[in-house]
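Please have a look at the sequence and the model first, and then I will go through a few places in turn.

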Amino acid sequence: MKVRALLACTECGQQLAQWAGRCPGCGAWGTIEADSTGTASSSRVVIRNLDVTVEAQERIRTGFSGIDRVLGGGLVPGSVTLLAGEPGIGKSTLLLQLLGNLSAAGLDCLLASGEESREQVGTRARRLGIPGDAVSFTAGRELPAVVEAAHGARPFLLAVDSIQSLRDPESGGIVGGTAQVRSSADALVGLAKQQNIAVLMTGHVTKDGDVAGPRTLEHAVDVVLSFEGDVRTGQRVLAGGKNRFGTEGEVAWFEMAGDGLHEIDPADRLASGEGRPGSAIALPMAGRRALAVEVQSLVVPTDGSARRQVAGLDAKRFQLIAAVVDRLAGFPLTRADLYATASGGVRIDDPGCDLAIAAALASAATGVAPPAGTAFVGEVGLTGEVRPVASMGQRVGVARTQGLSSVYGPASETAGVRYVRTVSQALGWAAMAGTARGGVRYSDETPE
């Protein structure tokens, strides 16, 4: 009879035919070891209840208040964080600055880089003002070597730049492929949970904005951060996605300069407050914070096939709003090229900005600026109604901070909201101007 070697979890006793970083029975990490009995035994299975002592998770400040906010208060020991972004956006710079801050606070950090050599990283560190002896370095091409270095050094934080550059000799496929990324991530997650080492890995994204590699990579880690921006400008946005330790959707802003990334407050950069044709002020929520963001639009009549192009907005939702403005509010947009963007490189996916997009389109179509000191809030339905959105108090509060005197929006108990029921009613100021010019149909509805 052939004897088959088995592996077993040291926590719950569940046996497996092959090694895994996480036990499928109890969910513990790094507990799969060789089973000395070599045979299955039901007596090893342990069933436990959920009566556990819950302690507050320790948070380690990163030196960037914005990053701490996005993480939910700071780095959690033993956590695994994925920092995703396009090549050249500044992931390596942000990673090195974060390591410098933690090292300055007395925490040991280890950088495993497969993207750059020790000399290249050292040159960047000098440019950023980080002492050369502040951060330990190891080559990050071979997974076993990285894991062994982390076991030996036992740092607080292991930074891997990047997960796509690691190679696991025991896994098939090419470096950066699905099998290699999955195997490398599994080993790093096991290392973090077993040794209580925080792991921060960078990852590239595809042209569609998804993290390169298997989708399971995002499910395996604790936190997913997206680093976005236009590589031609200095502004960058760090957005929190999945977060097991905090609130999703938090955002931090940075500006890239010669000496590295600097945190900025976007409040004065996203909305000028000046009424111009083709622009309207939206009040989106960025995590728990409201912002005043200028939405700009351009309407260009055409005899050919009409184009729809946006930057920082959801393209499909923009087309729906344009159809409502054309069909139900009476602004002729069908035979025109439509362009729209959100100022400051911000990406808006909040439905509460629908009405502002509609206002920008109406303003661009008529050449008339919205009423001075006005912002727009509300989700637009396909029947033309303006629907309520969450956090109206915070949105109106930031409008007042920016010097905006009134907010067009749905019914709300919040003071300062100019109640509108439909898109036609909200865009009455543009419709009247269009009627005077003979170019736009006008709805008799006017804001209350």
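Predicted model: local features only at pLDDT ≥ 70, side-chain atom pairs only at ≥ 80, totals over all residues.

By residue class, the contact of α2 with α3 has three nonpolar, two polar and two charged residues. As for who takes part, S92, T93 and L96 on the α2 side meet V121, R124, A125 and R127 on the α3 side.

If you want to find these helices on the screen, α2 covers residues 91–104 and α3 covers residues 118–127, and the two pack at an angle of about 70 degrees with their axes 11 Å apart. Because angles of 65 to 115 degrees count as roughly perpendicular, α2 is described as roughly perpendicular to α3.

Let me now move to a strand. A239 sits in β10, which runs over residues 235–243, and, leaving aside its neighbours within four places in sequence, A239 is in contact with V70, V224, L225, S226, E250 and V251. The C-alpha atom of A239 is also separated by 9.2 Å from that of I67, although these two residues are 172 residues apart along the chain.

My last stop is D354, which belongs to helix α9, residues 354–366. Is D354 buried or exposed? With a relative accessible area of 2%, D354 is buried, and, again setting aside neighbours within four places in sequence, D354 is in contact with R317, I321, G378, E379 and V380.

Notes:
Residues numbered from 1 in each chain as written. Heavy atoms only, no water. Axes fitted to C-alpha atoms, helices over the stretch in contact; angles between N-to-C directions. Helix = DSSP H or I, 4+ residues; strand = E, 2+ residues; numbered from the N terminus. Parallel < 35°, antiparallel > 145°, perpendicular 65-115°, else oblique. Contact = heavy atoms within 4.5 Å. Nonpolar A, V, L, I, M, F, W, Y, C, P; charged D, E, K, R; others polar. Buried < 20%, exposed > 50% of the residue type's maximum accessible area, 1.4 Å probe, protein only.
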